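Dear colleague,

I am handing over the structure below, and my notes on what was found in it follow directly after it. Please read them with the model open beside you.

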Amino acid sequence: WVVRSTTKDLKQITTVLEEIDLNDPSTLHRLEVKTDDEIGLIAEAFNNMSMSLEIYNKNEKAYLNDIKIQNWVLSKINEITSLTQSVFDINEFAKRLQGKLAPLVGASIGALYLRNQAEETSFYRAASFAGGGKNQFKLGEGIIGQAAIDQKIVLLEDIPEDYQLLSTGLCEAKPKAFLVVPIIYENSTIGVLEFASLTGFTDIQYQAIQQVNESLGLAIHSVLNRMEIECLLNESKA
C-alpha cells in the first residue's frame, strides 16, 4: 500500500513537471500537498517555485511594457521636435502639432490655443482637430482658462449626458472625458491643449501627453523665435 501510494504521488509530480512550459511560466500548475513526508515537502517546494516564477514573469512583462511605452513616447517627442526644424509659421506648426497629438491620446475632437502676443491674458485657437474648440478665451475663463492659470493638467471623466459643456472650448460635444493640458515655457503659460474622447483616456495616453508636453513649450518658443528672426531679416533686406 505504501509503495502504491508513493508511486501514485510521484507519478502525479512527474505529470505536472512534464506539462511545464518554460516559454510561458505565467500559469504553472500546483501540486496538492497530501502528506507531511518527503513527497509533501517536494510538492510544497514546487508550489513555491511556481509562485516565484509567476511573479517574476509578471514583473518582467510589466517592465518590458514600460520600456515599450517609453520608446513609443520618445519616438513621438522626436517627431514633434522634427516639426520645428522646417516650420516658420506658428499657425502652420500648430496645425501639424495638433494632427500629431490628437491621435496620440486617442481624442475624437481637440483644439490648440496659443497666447495672444498683443494681449497676454487672452488665447486664440491656432489649430483644431475635427473642428473642435472655441475661437478664443481669457485667463480664468472656464475650465481651460483656469487650467492656464493653475498650470496643471485637468482630466474630467464620466461626464453625464445632460451636462452642459458651456465652460469649455468644446461646448458642442458631449464626450465621456475631457483633457486640458497647459503648455508652459519659463513658468509662463504660452498655450493650452484641449482634447475630448468618446471612450475616455487610458493611463498610457495620459502618461504620453504628460511626457510630450514637457517639450512642447520649447518647441513653440523655437518657432516663435524663428518667425521673429525671419521677420527681422526681411525688414533688413527691405
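Arg96 is partly exposed, with a relative accessible area of 35%, and its side chain meets that of Glu92 in a salt bridge with an N to O distance of 3.2 Å. Glu92 likewise counts as partly exposed, at 33% relative accessibility. Because the two residues are four apart in helix α3, Glu92 and Arg96 are separated by about one helical turn. Please bear in mind throughout that this is a predicted model.

Under the cut-off of 4 Å between a side-chain nitrogen of Lys or Arg and a carboxyl oxygen of Asp or Glu, the count comes to three salt bridges. Another of them joins the side chains of Lys138 and Glu119, at 2.8 Å from N to O. This pair links distant parts of the chain, since Lys138 belongs to strand β3 and Glu119 to the loop between β1 and β2, 19 residues apart. Both ends are again partly exposed, Lys138 at 39% relative accessibility and Glu119 with a relative accessible area of 36%. The remaining salt bridge is formed by Lys134 with Glu141, whose closest N and O atoms are 3.2 Å apart; here Lys134 is partly exposed with a relative accessible area of 24%, and Glu141 is partly exposed at 35%.

Arg96 also has a part in the packing of helices. Helix α2 (residues 38-83) and helix α3 (residues 90-104) pack at an angle of about 170°, with their axes 10 Å apart, and the two are therefore roughly antiparallel to each other. On the α2 side the contact is made by Trp72, Lys76, Glu79, Ile80 and Leu83, and on the α3 side by Phe93, Arg96, Leu97, Lys100, Leu101 and Leu104. Sorted by class, the contact of α2 with α3 has seven nonpolar residues, four charged residues and no polar ones.

Turning to the strands, six of them form an open sheet in the order β3-β2-β1-β6-β5-β4, with antiparallel pairing. The edges are held by β3 (136-138) and β4 (154-157), each of which pairs on one side only, and the twist averages 20° from one strand to the next.

Strand β1 (residues 109-115) pairs with strand β6 (residues 188-197) in the antiparallel sense over six bridges. Within that pairing, Ala111 stands opposite Glu194 in β6, and the bridge partner of Tyr113 in β6 is Val192. Six bridges also join β1 to strand β2 (residues 122-129), and these two strands run antiparallel, with Leu114 standing opposite Tyr124 in β2. Together β1 and β2 form a hairpin with six residues between them.

How many residues of β1 are buried? Seven of the seven are, so the strand is largely enclosed by the rest of the structure. Ile109, Ala111, Tyr113 and Arg115 point one way from β1, while Gly110, Leu112 and Leu114 point the other way, and all are buried.

Finally, helix α5 (residues 203-237) lies across β1, β4, β5 (177-185) and β6, and runs at about 35° to β5.

With best regards

Definitions and conventions. Residues are numbered from 1 along each chain as its sequence is written. This is a predicted model: local features need pLDDT of at least 70, side-chain atom pairs count only at pLDDT 80 or more; totals for chains, interfaces and linings use all residues. Side-chain values use heavy atoms; hydrogens and water are left out. Axes are lines fitted to C-alpha atoms, for helices over the stretch in contact, and angles run from 0 to 180 degrees between N-to-C directions. Angles under 35 degrees count as roughly parallel, over 145 as roughly antiparallel, 65 to 115 as roughly perpendicular and the rest as oblique. Contact means heavy atoms within 4.5 Å. Ala, Val, Leu, Ile, Met, Phe, Trp, Tyr, Cys and Pro count as nonpolar, Asp, Glu, Lys and Arg as charged, and the others, Gly among them, as polar. Two strands pair if DSSP finds at least two bridges between them. Buried means under 20% relative accessible area, exposed over 50%, partly exposed in between (1.4 Å probe, protein chains only).
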